[in-house]
Amino acid sequence: MSRPPASSLFNRMHAHPLFLAHSRKAVISVPFVWLLIFMLLPFFIILKISFAQMGIASFLPLSQFKEGILTLNLDLTHYQFIVQDQLYFRTYLNSLWCAALTTFWCLFIGYPFAYFMARAKATLQPALLMLVMLPFWTSYLLRVYAWKGLLMNGGLLARVLIYTHLDWILLKLRLIVEPGMFMNTQFALLIGMVYTYLPFMILPLYATLSKMDLRLLEAAADLGATPWVGFWKITVPLSKAGIIAGSMLVFIPCIGEYVIPELLGGPQSLMIGRVLWDEFFSNNDWPMASSVAVVVILLILLPLAIFNKYQAEASEVRR
Amino acid sequence: MTPVPSTNDTAFVQIRDLVKDFGAGSLAVNNVSLDIAQGEIFALLGPSGCGKTTLLRMVAGFETPTKGKILLDGVELDGLPPYLRPINMMFQSYALFPHLTVWDNVAFGLRREGMPHEPMAERVEQMLKLVQLQRYGRRKPHQLSGGQQQRVALARSLAKRPKLMLLDEPLAALDKKLREETQIELANIIRKVGVTCVMVTHDQEEAMTMANRLAVMSEGNILQVGTPTEVYETPATRFVADFIGNVNLMDGTVVVDERDFVEIDCGFCRHRVGHGITGTLGMPVTVALRPEKIHLVREQPAGQFNQVRGTVHDRAYFGSFTLYVLELPGGKRLKVSEANNERNRTDAPAEGQGAWATWPDTAQVVLTT
């Protein structure tokens, strides 16, 4: 038996038992290494800094080994400070509340949008999908800036709102502080956030809704469900995965959002992203800033863990 | 035999002059009238695209008829949405709600009626017992086999005690062996409950084993309505004869027309049919002859009618019977099926051998359309 002469180095490498045994692992490990270097490692650095004491120009070492005694110097004052200081607590709460409100409005606007998109004529759907994605072609910073132009005094939307007296309703809802002034308010912040994150809600919702078996709705109607009942009992439960995915995609980045509150939000909408910026770059208090960041990450991890658990269950069901 | 049946004003289900036009050039359902008696299992049989499903969907309320009306128990259904009709449907591939348990699937319709919990639970348990799935109530549909899913679908559509149940290809999603078992079981459950039933199928065997009566449809028209025996033994048209079962169709002309018999010349053989027909001398007709009504013999039979000599072109063994394809002198082919009621029969003609095909004068059906 003779080997074919054309067996190049490449072919021989592939045939090598060591390669065959490890090639799968090698491929899978690439994203893990990526996450390790760019996610886990920085996180541990942040974690370390958050426990560090500030020296004159640099951090004091966390551990000391002197004369056979290991001393750990974990400075917990920053965490203590976060718990004790009302400002941080209120900022976290405000961030969560803003993210929750944004998620709610995105769902409220995005669900009907995705629903009618998924039920539109098949020939029309790619065009509608294109319209949803079109804003991504412009930088998000520019689009948020554009809202400034719409909402400032004499801006187009501002004039429309004043003309239709909707500003009084916004005032009643405490979304703005005085009639006719929209910039730097909770209202402007919400508009900017909902506008920016709406596509992230629509796309996963559209994906689940367009996959739905419409005969299930016929079956529901056949069994006595009006279209309205059929929607709530069949369509909504079956799009749960899309609702959760969309909500997570909106909620999580909203918590840490910095640009939109900075450009559109008012003084009362203090969000965690802004506090982080201030701590890092204005106060230069890196241990404090790191502690704030660690708490934010933990806050985000919690909903993410719930989401993952649900996803695992859902894929279990599908199998 | 009349292709359009006479209508009866007291029938349980009355379909009158029903037309459905999807605007595709031809009518999906073309002026169909049907009567279905209470407690009957009625099958709509036809090839795909013949309009049978459209007809069923109009009864269920998922399609609006272009013309005509449907009456159920004397009440006109026109304009009623599906959720207000006392009709339940068992969908093709079942359409069970994947996010609900078997129990909740069956209870879905009862909950929509606003039935209190106690009687509802009782009814659901009763239904699950009927289809022998009492122990599966907590499962989700995807955790069941195809046959079990089919039974859940049946329980769900029976739970509301519908006046009329519709079955859309009820067994199409099952494999052959299970389908044969389920046909009888399904028909038994339906008869036990006593619900009137309209089923749609393209499988003639399914229609014949389950239904009391069936209608053969083609291109939006009903070609024949009758019991399975009537439709099989006395098909009204060439299409029906050809669609239901296996058949040999032979074109010929009437050469002798007496009161008790007719003789038809088909060129390669001369038929003597032992019953009179409504026709005239010299009229072109088609003789339909089922393969199982023909016998193969080695020697030339006595007489001069109802026999033809040919060579065995092909032979297919099916276990309970053997199908022979006999090549006739003019190049025509004749299908003959012989029951294998003897083991290791040695005198059966082999491929390439000559044989005589013969049949009694009651075997043929003479078709004029």
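Of the 369 residues that make up chain B, 41% come out as buried. That figure, like everything else here, belongs to a predicted model. In terms of secondary structure, chain B works out at eight helices and 20 strands. Looking at contacts in chain B with a separation of 6 or more, 65% are between residues 24 or more positions apart.

Next comes the strand pairing around E11 of chain B. Strand E11(B) covers residues 248-257, and six bridges tie it to strand E14(B), residues 284-289, with the two running antiparallel. One of the pairs here is Gly252(B) with Val285(B), the latter sitting in E14(B). E11(B) also pairs with strand E12(B), residues 262-265, again in antiparallel fashion and this time through four bridges. Within that pairing, Thr253(B) has Asp265(B) of E12(B) as its bridge partner. E11(B) and E12(B) make a hairpin, and four residues lie between the two strands.

Now for the place where the chains meet. Chain B puts 16 residues into the contact and chain A puts in 15. On the chain B side, the elements that supply two or more residues are strand E6 (87-90) and helix H2 (102-112). H2(B) gives the most, with three residues. Sorted by class, this side of chain B holds nine nonpolar, three polar and four charged residues.

The loop between E6 and H2 of chain B is also where Ala95(B) is found. This residue has a positive phi of about 50° despite not being a glycine. Most residues other than glycine have a negative phi. Is Ala95(B) buried or exposed? Ala95(B) counts as buried, because 23 C-beta neighbours fall inside 10 Å and the cut-off for that label is 20 or more.

Chain A has a residue with a positive phi as well: His165(A), at about 60°, and not a glycine either. His165(A) sits in the loop that links helix H7 (156-163) to helix H8 (166-172) of chain A. Is His165(A) buried or exposed? Its C-beta has 9 others within 10 Å, so His165(A) is exposed, the limit for that class being 12 or fewer.

The last item is a helix pair in chain A. The axes of helix H9(A), residues 186-211, and helix H12(A), residues 240-255, come within 8 Å and cross at roughly 160°. Because angles over 145 degrees count as roughly antiparallel, H9(A) is roughly antiparallel to H12(A). The crossing of these two helices is right-handed. From H9(A), the residues that meet H12(A) include Met193(A), Tyr197(A), Phe200(A), Met201(A) and Pro204(A), along with Leu205(A) and Thr208(A). On the H12(A) side, the residues involved include Ala241(A), Gly242(A), Ile243(A), Gly246(A), Leu249(A), Val250(A) and Cys254(A). By class, the contact between H9(A) and H12(A) has 14 nonpolar residues, three polar ones and no charged ones.

Conventions
Residues numbered from 1 in each chain as written. Chains lettered and ligands numbered in written order. Predicted model: local features only at pLDDT ≥ 70, side-chain atom pairs only at ≥ 80, totals over all residues. Contact = placed C-beta atoms within 7 Å. Nonpolar A, V, L, I, M, F, W, Y, C, P; charged D, E, K, R; others polar. Pairing = 2+ DSSP bridges. Axes fitted to C-alpha atoms, helices over the stretch in contact; angles between N-to-C directions. Parallel < 35°, antiparallel > 145°, perpendicular 65-115°, else oblique. Left-handed = near helix turned anticlockwise from the far one by under 90°.
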